[in-house]
Amino acid sequence: MTGVPPDVDKLDAHVDEEIKKCLDLDNPKSFFLFAGAGSGKTSSLVTALKHIQKTMRRRLQLRGKRVAVITYTTAARDEIIRRTEFDPMIAVSTIHSFAWSMINGFNDDIREWLRVKLKTDILDLETKEAKGRRGTKASAERLADIASKHRRLERLDTIKRFVYSPDTDNRGRDALNHAEVLQLASTFMQSKPALGQILRDGYPIIFVDESQDTNRHIVEALFAFQDMHREHVVLGLFGDMMQRIYGDGQPGLGENLPSDWSTPVKKLNFRCPRRVVELLNKIRESTDKQVQIPRSTAVEGHVRIFVFPSEGKDKAESERAVSHCMAELTGDFEWTNEDAVKTLILEHRMAALRMGFDDLLGALYPVSQFRTALLDGSLPLVNFFSNLILPLWDRKDDKFAVARIIRQISPLASADALKQAMDESAQLAKAQAAVDALTGLLDTDAAVTFREVAQNIAASDLFALPDHIKVALAWAGRGSDDDDGTDPEFPEERSDRDKGISDFLDVHFRQIRSYAQYVGRKARFDTHQGVKGLEFPRVMVVMDDREARGFLFKYDKLFSGSAEDATIASTRRLFYVTCSRAERSLALVAYADDPMSVKKFLLGNGWFKPDEIHIGVPQGSTSTN
């Protein structure tokens, strides 16, 4: 890729102009923009929005119309809102928020849809139960599911208004879950012409970011909507099928598009060095054969893959040795600074093991109703410790900061408490004594548990404990004979929940620090799936199927030369996404049962050169010992 002329950077200049021509409200034209990794997809989306703001604002506002932008993540939503300067004419929402906006208020229709679905699901489960073996775990789960669906079916007519939140797990009697909202929206958009007309009249332009991962049912509904209203709306899809890593996306999106659609293609990669772009092109060679070109000023960059045996190695030590080896190979000694390297792992547990919060994750992750909030950092019973107790402990020597926290949050320093106290200063001294007792416990006992911290707080009344923790402490005090811990509405989940909370309370409190760093995106670890759209100077990708214990992605299978199947295809796409995050240098760490066969495959496919593949860390590399 040497000798690239400087004007190569203008290669994609026509793309934004082509999209602008589609945005003609008198002659609308829908489009699919292919934009590979690092090609500036979001930049093209924002450029299109700014063109609309500049040329169509008055026309849209006079007719009460807006532009809809559907994003895959809240982070992408917030970024687009910021880059369009919080313009209310641009309605940016996640796919779940968009779907809910379509069906919110159709309560009678939702009720009847649920009635049919629940009856169908019950019949299907009963059929499977009749064919299955009694007394097994699968049978018990089916019977519990049947009973739960019967209870929900019986309550349907008592629900007057359905509710939903895209950011919680929606556990109430009248709540819809995430999958139901997507299914309802796609069904109603295609079966209720009035809903399509409302959408057309409100949003003549609809953009879908990361369209390859957008729920297939919503995509199908949008295609049907566009086909019915093609003379009035623009549907613009932005994406890259090679970056489809979630299972509910539309397979083959971008193929067999209507003949009147525009299909602009971005060929430049502005992010990655030349060697990484070359690798990306080889990875996707067996798929759509799309080829990217590096920008004119791109550096050559470095790529290495280190293959270790699956067993018998201290993996954390091996990965530190890789970092030191990369520092020598690249001459970039920031590789030895853990905070300067983004390490991508397959599964959250792998990060928890390496960072030291595996007991915390292991206690709460199995509880299905906690899982989403636990991983995005919004679970109240954990946030109490991460967002209040940990900062208080860290700032215990800052009297002004402590006083501010106490006055804002502590019941001991509330307006009512101070008003009722005989001596206000004595009451504040009581609050300070409670702080000293808590921080003293944390300072002196490295093995103190969340339970002991909670008991300390409960004894002093320093803060109001979250309800889940108060109940758990009360049950522990009464003993197990007073309450069987079941909930008549959700018996199975309640039992799992109580066990999870109890296990969590017995975990060492100090695990909260690394957990808070991880969910706050301040840690050097992230998941393979969680970094799409992000970029980092130095990237280490850890591939360990055995430790991840997953079933959707299998790097061993990808590197074995097995016949192509859905697992290999999805793993190849994930491999492409992770490699394409690197701005300067890329280290790949694979743990395999047969490292030599992995090397043979990689050489045979031409993905790596012989000197780029190492079985273990090369002799002579800087030791971490």
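Me: Let's start with a single residue. Leaving aside neighbours within four places in sequence, which residues is Thr-330 in contact with?

Reply: Thr-330 touches His-302, Trp-335 and Ser-585, once those neighbours within four places in sequence are set aside. Keep in mind that we're looking at a predicted model.

Me: Okay, and where does Thr-330 sit?

Reply: You'll find Thr-330 in helix α11, which covers residues 315–330.

Me: Is Thr-330 buried or exposed?

Reply: Thr-330 has a relative accessible area of 19%, so it counts as buried, the cut-off for that being under 20%.

Me: What can you tell me about Lys-54 itself?

Reply: Lys-54 belongs to helix α2, residues 41–62. Its relative accessible area is 75%, so Lys-54 is exposed.

Me: Which elements have the lowest and the highest mean pLDDT?

Reply: Helix α21, residues 491–505, has the lowest at 76, while strand β4, residues 205–208, has the highest at 98. Look also at residues 480–494: pLDDT stays under 50 there, and the model gives that stretch 19 contacts beyond four places in sequence.

Me: Now helices. How do I read two of them packed together?

Reply: The general idea is that a packed pair is described by the angle between the two axes and the distance between those axes. Here's a case: helix α10 (residues 274–283) and helix α25 (residues 566–579) have axes that come within 10 Å and cross at roughly 170°. That angle is over 145 degrees, so α10 and α25 are roughly antiparallel to each other.

Me: Which residues make the contact between α10 and α25?

Reply: From α10 come Val-276, Leu-279, Leu-280 and Ile-283, and from α25 come Arg-572, Phe-575, Tyr-576 and Cys-579. Sorted by class, the contact of α10 with α25 has 7 nonpolar residues, no polar ones and 1 charged.

Me: What about α15 and α18: at what angle do they pack?

Reply: Helix α15 (residues 380–394) and helix α18 (residues 424–444) pack at about 85°, and their axes are 10 Å apart. This makes α15 and α18 roughly perpendicular to each other. On the α15 side, Ile-389, Leu-392 and Trp-393 take part, meeting Val-435, Leu-438, Thr-439, Leu-442 and Asp-443 of α18. The contact of α15 with α18 divides into 6 nonpolar residues, 1 polar and 1 charged.

Me: And how do α5 and α7 cross?

Reply: Helix α5 (residues 107–131) and helix α7 (residues 178–191) have axes that come within 11 Å and cross at roughly 110°. So α5 is roughly perpendicular to α7. The crossing of α5 past α7 is right-handed. In α5, Asp-109, Ile-110, Trp-113, Leu-114 and Lys-117 meet Glu-180, Gln-183, Leu-184, Thr-187 and Phe-188 in α7. By class, this contact of α5 with α7 has 5 nonpolar, 2 polar and 3 charged residues.

Me: I've also got my eye on Thr-127. Which helix does it lie in?

Reply: Thr-127 lies in α5. With a relative accessible area of 36%, Thr-127 is partly exposed. The C-alpha atoms of Thr-127 and Asp-108 are separated by 29 Å, with the two residues 19 apart along the chain.

Me: Last topic, backbone angles. What should I look for in phi?

Reply: As a rule, phi is negative for most residues other than glycine. Here, Glu-85 isn't a glycine, yet it has a positive phi of about 60°. Phe-86 isn't a glycine either, and has a positive phi of about 55°.

Me: Where are Glu-85 and Phe-86?

Reply: Glu-85 is in the loop between α3 (74–83) and β3 (90–94). Phe-86 is also placed in the loop between α3 and β3.

Me: Is Glu-85 buried or exposed, and is Phe-86 buried or exposed?

Reply: Glu-85 is exposed, at a relative accessible area of 66%. Phe-86 is exposed too, at 60%.

Key: Residues are numbered from 1 along each chain as its sequence is written. This is a predicted model: local features need pLDDT of at least 70, side-chain atom pairs count only at pLDDT 80 or more; totals for chains, interfaces and linings use all residues. Side-chain values use heavy atoms; hydrogens and water are left out. Axes are lines fitted to C-alpha atoms, for helices over the stretch in contact, and angles run from 0 to 180 degrees between N-to-C directions. Helices (H or I, at least four residues) and strands (E, at least two) are DSSP runs, numbered from the N terminus. Angles under 35 degrees count as roughly parallel, over 145 as roughly antiparallel, 65 to 115 as roughly perpendicular and the rest as oblique. A crossing is left-handed if the near helix is turned anticlockwise from the far one by less than a right angle, and right-handed if clockwise. Contact means heavy atoms within 4.5 Å. Ala, Val, Leu, Ile, Met, Phe, Trp, Tyr, Cys and Pro count as nonpolar, Asp, Glu, Lys and Arg as charged, and the others, Gly among them, as polar. Buried means under 20% relative accessible area, exposed over 50%, partly exposed in between (1.4 Å probe, protein chains only). pLDDT is the predictor's confidence in each residue, from 0 to 100.
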